[in-house]
Amino acid sequence: MKLQTKITLALVAFGLVMLAFAAPAVFAADKVDPVADAKAFKKFFYDKFPKLKPEDFVNGPYSMDADLYKQWQEKEQFPPYEFSLEMGKEMFSKPFKNGKTYGDCFPNKGIGIRQDYPYFDEKEGKVITLELALNRCREANGEPAFSYVRDEMAALTAYMAFTSRGKPFDIKIPNDPRALEAYEKGKEYFYTRRGQLNFSCATCHVQSPGEKVRTEVLAPALGIVNAMPIYRSEWSGMGTTSRRFTTCNSQIRGVPLTPQDDEYRNVEYYLSYVSNGLPISGPGARP
Amino acid sequence: MTNISSRKTGLIPAMVLALSIVAAAGPALAQSAVAEGQKLAFDRSKGNCLTCHAIKGGEYPGTLGPELVDIKSKYPNRDELVAIVYDETKRNPLTVMPPFGRNRILTDKEISAVVDFLQTL
């Protein structure tokens with residue numbers, strides 16, 4: 001009897017969760033509605049963490065745990081990403097062999113524009129991330145591309161994020177069915193389980209933010225890209241968005257895609273769009 | 001007759017001895033399965049239960065899953081416990097718990113050892 005009540009309760013609870021999760025997905029299949037998506041996405045996190053202000057979410061796990069918050073405040077006195085930031089600033093201002101600079105490839109000379117990336121390029125029909133745009137800039141100027149997961153790319157994006165701190169994410173989905181499709185594919189990737197451990201991005205970052213895996217506190221998906229790139233103590237170094245995506249896939253014992261694969265670009269597009277309005281906080285520091 | 005009875009009397013101690021060996025070996029075997037199960041439960045590359053569940057004797061547990069305590073009273077049916085470890089998504093598609101059996105993270109024998117360990121909690 002007792003067990004039966006438990007099972008019934010579990011079924012009712014499960015039904016409710018299914019309604020909450022599955023129903024919007026089913027409706028979304030009929031018509032992609034990013035505006036409604038982003039609203040529901042934010043509401044989910046605001047309801048889950050009623051004490052947090054929207055802008056707190058860009059600080060990841062530090063907003064979820066009092067002890068961590070204290071550690072972070074102390075750490076920010078001498079931020080561990082400072083070295084990378086200096087390196088990025090220097091790289092950014094140093095001309096290529098042809099005399100041009102990174103600034104020549106970007107609107108507003110590349111200053112204070114992080115919040116506009118990724119964007120959907122209607123000529124190409126694809127999502128263009130900041131990391132991709134940086135390497136294209138290099139190649140267009142006769143320089144070899146950098147690795148997407150290493151220090152040089154982290155340094156450049158750290159500097160560009162730093163000059164954009166506080167600016168709200170402003171990702172646009174143009175009136176182009178391919179842009180909507182990219183968004184929808186990114187969303188699908190985000191919620192699809194994969195790897196031997198059978199995790200989706202959402203398993204950890206929507207279902208379980210604030211919870212601990214061993215000693216680590218899981219970050220909320222809302223605002224997670226606002227802090228990129230990040231210095232991670234666990235890595236003893238900087239990590240780009242590409243590095244974060246590929247290592248997440250490895251950690252769930254899946255096969256990572258190639259950095260800047262279309263699917264990663266789409267998922268970054270989705271994830272950035274639903275964080276629209278929240279300020280850029282990168283470069284960030286994480287445990 | 002005498003022959004038989006003497007054989008009988010000889011048999012009985014032998015059987016007692018044999019039984020006592022089995023009786024002694026039983027808990028010893030179970031003990032080693034429990035120890036093996038605990039090892040698997042704490043091992044990051046294997047069961048790794050500790051990453052999400054608080055478990056007596058384990059340091060730095062995660063909080064994604066419920067604390068693993070009073071397992072025997074919560075799950076008197078061992079098969080149910082095996083089924084949860086094997087593939088909890090069957091009962092609850094939204095569970096965070098990896099399907100240890102279905103995705104071959106653990107072998108059936110390893111799952112059995114983990115369950116032996118869980119039943120001691």
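I began with chain B and counted four helices and zero strands (helices are DSSP runs of H or I with at least four residues, strands are E runs of at least two, and both are numbered from the N terminus). Along the sequence, I read the pattern of chain B as α-α-α-α.

A note to myself: this is a predicted model, where local features need pLDDT of at least 70 and side-chain atom pairs count only at pLDDT 80 or more, while totals for chains, interfaces and linings use all residues. Residues are numbered from 1 along each chain as its sequence is written, and chains are lettered from A and ligands numbered from 1 in the order in which they are written.

**Chain B, inside**

I looked up burial next: of the 121 residues in chain B, 25% are buried (buried means 20 or more other C-beta atoms within 10 Å of the residue's own, exposed means 12 or fewer, partly exposed lies in between, and C-beta atoms are placed from the backbone).

Which residues of helix H3 (residues 78–87) of chain B are buried? I found B:Leu81, B:Ile84 and B:Val85. Seen down the axis of H3(B), they fall within an arc of 90 degrees, so they line one face of the helix (the arc is taken from the directions from the helix axis to the C-beta atoms). A handy reminder: an α-helix has 3.6 residues a turn, so residues three or four places apart point the same way. The buried residues of H3(B) pack against helix H4 (108–118) of chain B.

**The cores**

I then looked for the largest nonpolar core and found 60 residues in it (a nonpolar core is a set of buried Ala, Val, Leu, Ile, Met, Phe, Trp, Tyr and Cys residues joined through C-beta atoms within 7 Å). Among those with the most contacts inside it are A:Leu134 and A:Leu271. H6(A) gives the most to this core, with nine residues. A second, separate core has 18 residues, including B:Leu81 and B:Phe100.

How do helix H4 (residues 82–93) of chain A and H6(A) pack? I noted an angle of about 85 degrees, with their axes 7 Å apart (axes are lines fitted to C-alpha atoms, for helices over the stretch in contact, and angles run from 0 to 180 degrees between N-to-C directions). That makes H4(A) roughly perpendicular to H6(A), a label for angles of 65 to 115 degrees. Among the residues making the contact, I spotted A:Leu85 of H4(A) and A:Tyr159 of H6(A).

How values were computed. Contact = placed C-beta atoms within 7 Å. Parallel < 35°, antiparallel > 145°, perpendicular 65-115°, else oblique.
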